[in-house]
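The exercises below are meant to be worked through with the sequence and the model at hand. Try each task before reading its solution.

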Amino acid sequence: MSQDREATPRERAVQGFERAFGRAPERLSRAPARVNLIGEHTDYNEGFAMPCAIDRDTVVAAAHRDDDVVEVLACDLPDEGGGAGDAMGADGARRSGGLGARGRFRIGDAADVSASPQWLRYVQGMVAVLREQGQAVRGATLSIAGNVPQGAGLSSSASLEMAIGHAFSALNGWTLPPTTMALAGQRAENVYAGCRCGVLDQLSSSLGVRGHALLMDCRSLEVRPIPMPEDIVVLVVDSKIQRGLVDSEYNLRRQQCEAAAKGLGVKALRDVDDGLWSRLGGQLDPVVRRRARHIISDSHRCAGLAEALSRGDFAAIGHLMRESHWSMRDDFEITVPAIDALAALMQDVIGEHGGARMTGGGFGGCVIALAPRAMVDEIRAAVERGYRSPDGRAAEVHVCAASDGAGVLA
């Protein structure tokens, strides 16, 4: 490997495996991160969303074991033990002599995550769910590495779940349909990792198509690839604002959406049409009405963005993304002033050549932009010059492209 090139996730996963376990891995799997281009918080309202998988991956190097133990090296996590060899940490993770954090569990005990560090619960959860589904899962040794920014709202957890699922699939000689694998990842995260997420993240990672966005029906789970213009890039700008209040505010937004659906007499906000909204929308509590208005309008914007992408209409792309950001800011109230300023700064540079909006659950995280490749340097320079987080940090700009979904590399 060249001395001036950073190692890829594949290289780091393999090198970590060989150094930690003294042999070569047998199989390699990968799964991408995702960004949501439009349709925020619509998934649990059974509406539409438009994510795309991106070329930032989690890679798992794997090999069989002769016992019923799963041993895992997390190359990207710090070795808090600091010594040579392995030692058991206070949080239940085994330390790996500078290689990363290391954990282990027995296959039959995978569902017991009570004493496990959070990162290991995703692995245990996938093993537990796959076994619930009746899949054969034998002991394994795993090394995990990735280049998905952590805590930036790009769903590193779903990427990890899908990569782990495909590693066990490859080792044990069975396959699952991509949607089934995605649902397994969602259940692992809901039940064993403790996050009440929808299935959008896992579906995006599982079903990504290179060069395409995904128009996703969150009720039927039907996913339709939408071609993106060849010269478009997905800019992901990490604001360096740690997302606060996400859990409590996320749950509150869900409750408000459920209250709106009940007040409108429908199963989910997906079912609200213009006539019903005109008749009954004004009877809702004002806050609940604003929450519902965001969900309904952002779900509708997905179809518009699909059309705009397909015909390469950058002005329409920008209009829809700006509307979506304003809706998140004013109706759903999940942005923060610094995020608003960052999105506006990027939009000012892009003009009619694309759009920028916050992406993710809210209260921090990332702003994304769809823009021509030729504008990347100008946008990056404007962000470097004109933005700092409230605690003074510069944003981090990632230039991404729509990626293929999860699978086995070797």
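**Exercises on the fold, a helix and a charged residue**

In this predicted model, the secondary structure of the protein chain comes to eleven helices and 14 strands.

**Exercise 1.** Work out how the radius of gyration of the protein chain stands against that of a compact globule.

*Solution.* Begin with the chain length of 410 residues, for which a compact globule would have a radius of gyration near 22 Å. The protein chain has 22 Å, and therefore the two values agree. Next, take the extent of the C-alpha trace, which spans about 65 × 50 × 40 Å along its principal axes. Finally, turn to the interior: 58% of the 410 residues are buried, and among contacts with a separation of 6 or more, 72% join residues 24 or more positions apart.

**Exercise 2.** Describe helix 9 from its start to the residue that follows it.

*Solution.* At the start, a side-chain oxygen of Asp 313 comes within 3.3 Å of the backbone nitrogen of Ala 315. The helix itself covers residues 314-332, and its 19 residues reach 26 Å from first to last C-alpha, close to the 27 Å expected. After helix 9 comes Glu 333, with a positive phi near 55°.

**Exercise 3.** Is Glu 161 buried or exposed, and which side chain of opposite charge is nearest?

*Solution.* First place Glu 161 in helix 3, which runs over residues 156-172. Glu 161 is buried, and the nearest side chain of opposite charge, that of Arg 34, is 11 Å away. Since a salt bridge requires a distance within 4 Å, Glu 161 has none. Then list its contacts beyond four places in sequence, which are Tyr 122, Met 126, Gly 185, Glu 189 and Gln 202.

Key. Residues are numbered from 1 along each chain as its sequence is written. This is a predicted model: local features need pLDDT of at least 70, side-chain atom pairs count only at pLDDT 80 or more; totals for chains, interfaces and linings use all residues. Side-chain values use heavy atoms; hydrogens and water are left out. Helices (H or I, at least four residues) and strands (E, at least two) are DSSP runs, numbered from the N terminus. Buried means under 20% relative accessible area, exposed over 50%, partly exposed in between (1.4 Å probe, protein chains only). Lys and Arg count as positive and Asp and Glu as negative; His and the chain ends are not counted. Contact means heavy atoms within 4.5 Å. The expected span of a helix is 1.5 Å times one less than its number of residues. A polar contact is a pair of N or O atoms within 3.5 Å; within protein, one must be able to donate a hydrogen and the other to accept it, and residues adjacent in sequence count only if both atoms are side-chain atoms. The radius of gyration is taken over C-alpha atoms; the globule rule is 2.2 Å times the number of residues to the power 0.38.
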